[in-house]
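Reader: I'd like to go through this one label by label. Can you show me what backs each term up?

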Amino acid sequence: MRSLYVAGRNRQQGIALLLIIIVIALTAITFFISNMSARDLEFENNARTNDALKKAKKALLAYAANYPEITGANRGPGYLPCPDLDNDGVSVVIGCNPAGVVNVGRFPWVTVGAGDLRDGANEGLWYAVADTFDYTNSPAVNKVNSATTGNITVRDNNNNIRFDGTTGNGIVAVILAPGEALVRSDAYVQDRSPATGDPNDPLNYLDIAFGEDNASFQHGTLDGFISGVVRPGAQVQVNDIVEVITYDEIMEVIHQRVAGELANALIAYADIANCGNLPEASAFDPTKAVGLYTSDAGVRQGHVPVDSTEWNPGNCADGLLPVWLEAEDWHKVTYYHVAASVPCTIGVDCLTVNNVNPPITDADLVVTFAGRDLNGVRHINNINEYYENENADLDLVYDAAESNDRVCPLIP
């Protein structure tokens, strides 16, 4: 009987041990699946947020490139809409900064045709624009050309300044994904309830850390935006994800538009019987008065000639050049160089552009857009204040690798 009892007891202990192992295994599997599901959900939310921000940015850049058609006025490319201040997706039209108050508002998805974009928390995006690219500023106050820079400061999640709004390195526009509601570090409890929360108050959506408040900012100062996630301890202080439009990014699409307009106009000019060639340049002098930017006989390098008399010699080229090109002062920041003969002769008078692939040695025409005003003295007639190194040498060779210039060979 003793041996049977011991055997039975051993079997019971074995079954109990097996049950314990099974419980532990199931617990581990449940924990693994739970963690995997949480990671998958976080990944999906982050992917949705990033996708929304990228689409919003793409829509804004397209809006900037097509602004001449959108506005119907003599305004050039590059302008951006104001924020939406009443949650209808439409940009405010009374000014981005009424009564001098700098606005952070909702992303104007209807105005830019982007669709109602949502982040991973199913929240709509928020938005701010530099006043230098504000579409409500008149051309008399604001002009957009390659000398125009952003003036919004943006910091990373360690409070390091990535883009300084007090220099030419400021941001042009900021798009924010607000994430889930939290208690801000200034003790403000974000309220997004349809019953009690104000959907147009950025305090209910945007966060603060290190004294940097995403619900407000000032142009041209170090008071800007901070990008999350900021978690100095156990508590998340900032879960706003920030997407920016830089000077280089917006100028990429603007320069393409301006260069395309110039190329089309020059090709048409050369094809018209009464013209039959490319116009000569206007002698370089950014201090000249309006109306004096006309072709000068024998001048091959200088400003784009924009005066209407140049583009209407005997009605052969009437209306070919966009009116906004002169209105936005593009002729003052665009260096125009046409070969001595068109078509040019390689090795004799063709223009060369280095640091492009493939190399260009047979250009009939090169236009070079000056970049940011690095020294703040462009009111003087000095080509070195506009163009860099090789591009200011007044010879037949240009360098596409200069960081502050954009060189565009045009071959009609």
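Predicted model: local features only at pLDDT ≥ 70, side-chain atom pairs only at ≥ 80, totals over all residues.

Reader: Why is Cys 408 called buried?

Author: Buried means under 20% relative accessible area. Cys 408 has a relative accessible area of 9%, so it counts as buried.

Reader: What makes Cys 344 and Cys 350 a disulfide?

Author: The cut-off is a pair of cysteine sulfur atoms within 2.5 Å. In Cys 344 and Cys 350 the sulfur atoms are 1.9 Å apart, so the pair qualifies. The structure holds 1 disulfide. The link of Cys 344 and Cys 350 is right-handed, with 90° about the S-S bond, and both cysteines are buried.

Reader: Which strands make up the open sheet of 5 strands, and in what order?

Author: The order is 10-11-12-15-17, with antiparallel pairing.

Reader: Why are strand 10 and strand 17 said to stand at the edges?

Author: Strand 10 (282–283) and strand 17 (405–410) each have a single partner strand, so one side of each is left without a neighbour in the sheet.

Reader: How do you know that strand 12 and strand 15 pair?

Author: It's the bridge count again: at least two are needed, and strand 12 (residues 334–338) and strand 15 (residues 365–370) share 5, so they pair, in the antiparallel sense. Val 338 stands opposite Leu 365 in strand 15.

Reader: Which strands does helix 4 touch as it packs on the sheet?

Author: Helix 4, residues 247–271, touches strand 12, strand 15 and strand 17. Its direction makes about 25° with that of strand 17.

Reader: What about contacts and surface for the whole chain?

Author: Among contacts in the protein chain with a separation of 6 or more, 59% come from residues 24 or more positions apart. The chain exposes about 19400 Å², and carbon and sulfur atoms supply 54% of that.

Key. Residues numbered from 1 in each chain as written. Heavy atoms only, no water. Helix = DSSP H or I, 4+ residues; strand = E, 2+ residues; numbered from the N terminus. Contact = heavy atoms within 4.5 Å. Axes fitted to C-alpha atoms, helices over the stretch in contact; angles between N-to-C directions. Areas by Shrake-Rupley, 256 points an atom, 1.4 Å probe, with all protein chains shown as cover. Buried < 20%, exposed > 50% of the residue type's maximum accessible area, 1.4 Å probe, protein only.
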